[in-house]
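Q: I would like to learn how to read a model like this one. Please take the features in turn.

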Amino acid sequence: MSDDLYQQAILEAARRGAENRRLDRPDGSSTVDNPLCGDRVTMDVCVRDGRIAAVGFRTRGCALCQASTALLADAAVSREPGTLARAEDEVVAMLGHDGPPPAPPFDTYAMFMPARRHPSRHTCVRLPFDALRQVLADATDGGSS
Amino acid sequence: MSGLDMAALRRQFPILEQCDLHYLDNGATTQVPRAVLDVIVAHETSHRANVHRGVHRLAEAATEAFEDARATMARFLGAADKGEIVFTGGTTGAINLVAHAFGNRLAPGDEVVVSLLEHHSNLVPWQMLRDRRGVVLRVLPITGEGRLDLDNLGRVVGARTRLIAVTHVSNVTGAVTDVARVVEAARAVDAAVLLDGAQAAAHGPWDIPALGVDFYALSCHKMFGPHGVGVLWARRERLAAMDPFMGGGEMIRTVTLERTTFADPPQRFEAGTPPIAQAVGMAAAARWIEALPREACHAHLARLTGRLIEGLAERARTRLIGPAGLQARMPVVAFATAGIHPHDVCQVLDSHGVALRGGHHCAQPLMDHFDVAGTTRASLAVYNDDGDVDAFLTGLDDALGRFR
């Protein structure tokens, strides 16, 4: 059952997500934990002119969490925060309600479709969204631009 | 090989009839034999009623079954007095009861000793008591192999110690606590001892009063019975000295608009309608355990535990979190895997039909101590066999191979 959950694309993304890619001088950082399993994601952002200029991260999590972190960091650059909120909704719908994959540039999240059968793992995919949402709220509230 | 008729034993568990199921998550929940299921169904279909108040025949029968269950649990724990058995929702409920009813008698500056090894259910209630009452929480360290470091008892137990609350068997390392040394240290300063018996219950029956402790907490769902019920055993004099934890029906003597007087123990601590069928099922589970050939079961589980430990030692990138030997150890085997998160190990093993537990096991301070986000845990029950261990090792090789 798990065969296609751990497909090559996810494993490759997970390897990138396992790297320490913290930013030197972020506008904001946020760390979130999954209390169910102890996974932890830290996200850094730089915001310029209302758009995400750079994303950094460090994870201590499972392959799904690491892969999702890497994909999110790739796709989020040059996007507005509102775009991320829509992407998260689309990922949630894809996983929990058999929705279609998110629109580009978040369409890479289609690789998580096998995780639909494993509801306990959906939070692993969503954890980096939680961290990025939190840090963006802090960074934009702080007037970074 | 073990002296156990494994085929006959396994046939008693309907859930094991599922193909390709290798259930190694017994530390979280054990499966239920048909004998226990039958007792629960019989109770609910023949004697279902509330207890202690009704005079109709169903209520009489339900009360008798409920109080018989109390007597059975007293026997299972070696207690002569069934009035020392308080039914709770489980181990967590039992420990919270003590943290309030005993804890509220403590003064600011009094000390409670816990250990680094504790499940959150035997740590968080004491932290909450600390914050509520100004009690000081002191922590007993552990050894490198995950046992309580009892050589340090003298450093954390002192004149202000009022309670030592530690696990009987670790839910992560499987280490069995040397209770005699804990009791000796407690008695020297006139402190009480609480044991978290959640992981030990399935390996009973026990003679808890002979251990010298004051409180013992267990959950039924880890001893072949239903969820939602457990026991607090406490010495009669301890119960008698404590005020109620929760208020409501069943626990009163008289109530006026101005004041309430309370029932004697154990009813004083059983506010509201108790989990009646669950308690009856728990007693059936205790009887089922009592009927097992105990020595043969222990030998069987020790052999399988040894196979798990040896299998891990033979595989690179695995690190046992717990004692490598079989002495004073229960069949709970946790391990870390370099470069693979426990949830990924568990997910791959699930595809092999092997049910494991991965994560922090409600023991986050212990995970921090070992510098791991979590571990993978295989925990055995008497119905597990060599086929389960074989499937585990095969699945583990698959997981290790996928995440190179």
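A: Start with contacts: two residues are in contact if their C-beta atoms, placed from the backbone, lie within 7 Å. Keep in mind throughout that this is a predicted model.

Q: How many residues of chain B are in contact with chain A?

A: The size of an interface is often given as the accessible area lost when the parts come together. Here the description is by contacts: 14 residues of chain B touch 14 residues of chain A. On the chain B side, helix 12 (342–350) and helix 13 (364–369) each supply at least two residues. Helix 12 of chain B gives the most, with five residues. By type, the chain B side that touches chain A has three nonpolar, eight polar and three charged residues.

Q: What radius of gyration does chain B have, and what would a compact globule have?

A: The radius of gyration can be set against a rule for globules, 2.2 Å times the number of residues to the power 0.38. For 404 residues the compact globule would be near 22 Å, and chain B, at 22 Å, agrees. Along the principal axes, the C-alpha atoms of chain B fill a box of roughly 70 × 55 × 35 Å. Chain B contains 14 helices and 15 strands. Among its contacts with a separation of 6 or more, 70% join residues 24 or more positions apart.

Q: How much of chain B counts as buried?

A: The cut-off is a count of neighbours: a residue is buried if 20 or more other C-beta atoms lie within 10 Å of its own. By that count, 51% of the 404 residues of chain B are buried.

Q: Why is helix 4 of chain B described as largely enclosed?

A: Helix 4 (residues 91–101) of chain B is largely enclosed by the rest of the structure because 11 of its 11 residues are buried. Among them are B:Asn96 and B:His100. The buried residues pack against strand 2, helix 5 (124–133), strand 6 (192–196), strand 7 (215–219) and strand 8 of chain B.

Q: How far does helix 3 of chain B reach, and which of its residues are buried?

A: Helix 3 (residues 57–76) of chain B has 20 residues and spans 28 Å from first to last C-alpha, close to the 28 Å expected at 1.5 Å a residue. Its buried residues include B:Ala62, B:Phe66, B:Arg70 and B:Phe76. Their cover includes helix 2 (34–46), strand 2 (85–88), strand 8 (230–234) and helix 10 (276–290) of chain B. After helix 3 of chain B comes B:Gly78, with a positive phi near 80°.

Definitions and conventions. Residues are numbered from 1 along each chain as its sequence is written. Chains are lettered from A and ligands numbered from 1 in the order in which they are written. This is a predicted model: local features need pLDDT of at least 70, side-chain atom pairs count only at pLDDT 80 or more; totals for chains, interfaces and linings use all residues. Helices (H or I, at least four residues) and strands (E, at least two) are DSSP runs, numbered from the N terminus. The expected span of a helix is 1.5 Å times one less than its number of residues. A residue is buried if 20 or more other C-beta atoms lie within 10 Å of its own, exposed if 12 or fewer, and partly exposed in between; C-beta atoms are placed from the backbone. Ala, Val, Leu, Ile, Met, Phe, Trp, Tyr, Cys and Pro count as nonpolar, Asp, Glu, Lys and Arg as charged, and the others, Gly among them, as polar.
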